[in-house]
Amino acid sequence: MCGIFGYIGEKRAAPLVLAGLQRLEYRGYDSFGLAVLDRDLWVWKKEGRISRQSPEVSRRRGRTAIGHTRWATHGEPSDANAHPHTDCKGSIAIVHNGIIENYASLRRELSSRGHAFRSETDTEAIVHLIEEQYHGDLLSAVMAVLPRLEGSYALLAIAEGYEGIVAARQGSPLVIGISDRACIAASDVTALLDHTDRVVYLEDGDVATLLPSGPALWHGGEPVRRPVQKVDWAVEEVRLGGFAHYMLKEIYEQPSVFSTTARALLAEDVPDVLKDVSGITLVACGTSYKASLLCQYLVEEYCSIPVRAEIASEFRYHAPPGDDLVVAVTQSGETADTLSALKRARMHNHATLAVTNVLGSSATRLADHTLFMRAGPEISVAATKSFVAELAVFLYIADVLSGGRLRSSILSGHEAIGEALLQDLSPAVELCRDASSLFFVGRGPFFPLALEGALKMKEITYIHAEGYAAGEIKHGPFALLSQGTPVVALCPPGESFPAMVSNIREMKARGVPLVVMGDGESQELRDIADVLVPLPDGDTVSAVLAATVLLQLLAYHTAVALGRDVDKPRNLAKSVTVE
Amino acid sequence: MQAVILAAGEGKRLRPLTRSRPKALIPIGNVPIIDYVIEALLACGIRDIIVVAGYRREQVISHLNSAGYPVRVVVQDRPLGTAHALVQAREHISERFLVLPGDNYIDSESIARVMDTKDAVLVKDHPYPSNFGVVEIRRGYVTRIVEKPEQAPGFTISTGIFSLGPDFFDFIGQPDLTDAVSAFLGSGRKLKAVRALDWQDAIYPWDLLPMNRLLIRRGRAEKAGEIAPGTVLQGHVRVGAGTRVHPGCTVIGPAVIGPGCEIGPNACIMPNTSLGSRVQVGPFSLVGDSIILDDAVIGPHSLVRDAVIGEGSRLEDHVSTVTAAPLLEIGDEQVKGRFGAIVGEKVRIGPFSTLRAAIVGNGVVVRGGREVTSTAAIGDGGLVI
């Protein structure tokens, strides 16, 4: 997904375009760029997130500009691949959202006619096609080119010697806003609301010219009128798409995030760094560290390869880990501690692998190879879908290293997640919401999940929460347990079940309120638990995925019950770029 | 022009198919019913669309988000009727608007017919009017509306699609929309009856099958995925990306096969079949006139006809459905339906079992070699030993 924004009017356009792109950042934020038309065309592109305070941009006087914010799924984000793209002479610029399916043949054709391509994008073919048709009338040039394009697009074009922005839409969203002496185009309404509440929605096949006085529309070569509509939408409302919080929205994206990530990796060739692995060291922070601990259990269980998970900021205080493959796990790809661990691993000549959500981020440039988690932009500070995407990547690694033993579990993983989303957690929330302290316990792969459950709980509800290996409780923490400290216990069927049952029985005897996640049919658990939350039938992998989601929902609903600001917990930031 | 789509109700009479989603999200030809409604509105240029979600609202919202529709969602917290659902959207209503059920099919031509008239309702003749709001019409205007009457006064029913003004809210007192319409008519206001062209509703699970037959041709034919040489693809067939049709298969359209499916080898997909995402149909199996939802597995040597198979259910090898037309008790009504099997979510049917016009609840396990008939409809979570 990408976002585009264009402005033509009486004000300086460049800062307005940057502000508009910032509104669209939820559609992607790994690179961005803009083109400003004064007498000449000026193009400025940058990798990374949009920053509004750029003196270069604010100096620009032009009153016409177009911009683009990108979320790369193919082709890394780089200055070359960022939009706008320009023709050979640098006098036409376009921004484009969508996919041109026949771009490879267009590119061959254009190259053979002497056009020089500077990027790997499909978009660049469009601008060279326009270049061949442009003789002062950009509208007819664009109209001549559109029939050649197969696929989807929303695009904006500007050119030296032409007054106005030309817009076209086929299959990707594009809205035009009409204000008093300006005309604005954007991928969605939210970016227009700073300027106007009067909008025109383009239909597929529409072409428009934008002037400060307003837009003119064409369809199939004929002028056409579209109704001007008034919107009274609140920006946040639109971007949340109906959910109360980004966190909940992202929790519900997890079935598709999991299967998209896992299936995309399974369709790729196995990377060289995953051949002949004798040991793995994972470095990560926060939630990614909890996922790494889980990876340790999974890989060791299915592949008999020793794995250790290290907190990235502690990595430098340990001896370099032998001949291990070093895997850096960071959602943003920019986490400072993880990056410095990765640099250190390279210094010691380790093979390195990055697991990240942001293609082209610093981690991907440092590592030998990257496994990409296709979670899409994560807005909520509390990580949810990126954790599940990391699990998908780790399950893929375990599958590769075990010769395919996890394949069927991976392919059905989204079902367990979907099933967990249907559970009603309100009795468990009732039990947790008034506590001043909570404990989460589990064994085996469910121990890191207990840590993650506690982390989610404390970061968004501000209730003190601790995760423990269930067997460790009696070595100290038991002194803290009482009727006022509920325990969330992960008791899936399997090897660890009898030991877990005896652990929670002891707690029960002290009157500790118990939320148990396990086999819903088990009479034993029903007798012990105050609230029994059923995990779906199936193997360890489906239990892990389901429990992950249930713990997220428990934290979320508890935070909502307590009236917390779920998406922006106090004192926390999304990506920690300082050590 | 604004539009309010009511998608808050579960659609209880479609159980067991509504466990994880409301009726509005049940796919027909692999497209959720609500999508047909939204597409019809967009085709008429109506962009300001408000969806009222309630039962399993997160599923509704996630779906609308991933489909990328420009709609707003409001929530009805508790199931307190259709009029109450409409009231949830009131604060966003500033001009004339349409009200539409999100769980009935409607075509854009019908919407175009009704949208230009203030205070109008789309009506349609129906052979079994007693399941709907029956309308009496005089000189083109509705004089009376009776919800689900024992004795229907005629065959013309309300589709539940109204074109109204904001003043309509003054007539809402009772929980149901029909009561508000009655109050509206009782005050002497006029409601124009406009004939709908194509409108369809599924009341009971087996009604989804004829609806599937009618709508399955809507999408364009396309052949993505890997189709092995030597397979026969005939008629209007759509095959999704990443799907593999193995050698020796026959697919006769109209048929829709979603993405990520595995078909065959040597399997037959007969006309009027919709297979969702990641469905597996084993070797030597035949599936026809059926809706198979996401992640379901049809084992080898099976015969599935006139069936709806719920998400993630697994039929082992040599499972057969037998089509019959039993008299069934649904709630406190006795109804007749013709079908092979209605199977809920996450069901396991053992090898060599037969389903004879059977309704099988969610999560049911049927051991091998059993016969399940309509006389013994099984509730959720049951076990047939």
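This report describes the interface of chain A and chain B and a sheet of chain B in a predicted model.

## Basis

In this predicted model, local features need pLDDT of at least 70 and side-chain atom pairs count only at pLDDT 80 or more, whereas totals for chains, interfaces and linings use all residues. Residues are numbered from 1 along each chain as its sequence is written, chains are lettered from A in the order in which they are written, and side-chain values use heavy atoms, without hydrogens and water.

## Interface of chains A and B

Contact (heavy atoms within 4.5 Å) links 22 residues of chain A with 19 residues of chain B. The buried area is about 2000 Å², with 46% of it on carbon and sulfur atoms; this is the accessible area (1.4 Å probe) lost on putting the two parts together, summed over both.

Three salt bridges are counted between the chains, each a side-chain nitrogen of Lys or Arg within 4 Å of a carboxyl oxygen of Asp or Glu. B:R19 and A:E419 form a salt bridge at 2.3 Å, N to O. Helices (H or I, at least four residues) and strands (E, at least two) are DSSP runs, numbered from the N terminus. On the side of chain A that touches chain B, α15(A) gives the largest share, four residues.

## Sheet of chain B

In chain B, eight strands make an open parallel sheet, ordered β14-β17-β20-β23-β26-β29-β34-β37. Pairing requires at least two DSSP bridges between two strands. The edge strands, β14 (222-223) and β37 (358-360) of chain B, each pair on one side only.

Strand β14(B) runs parallel to β17 (residues 237-239) of chain B and is joined to it by two bridges. Within this pair, B:E222 lies opposite B:R238 of β17(B).
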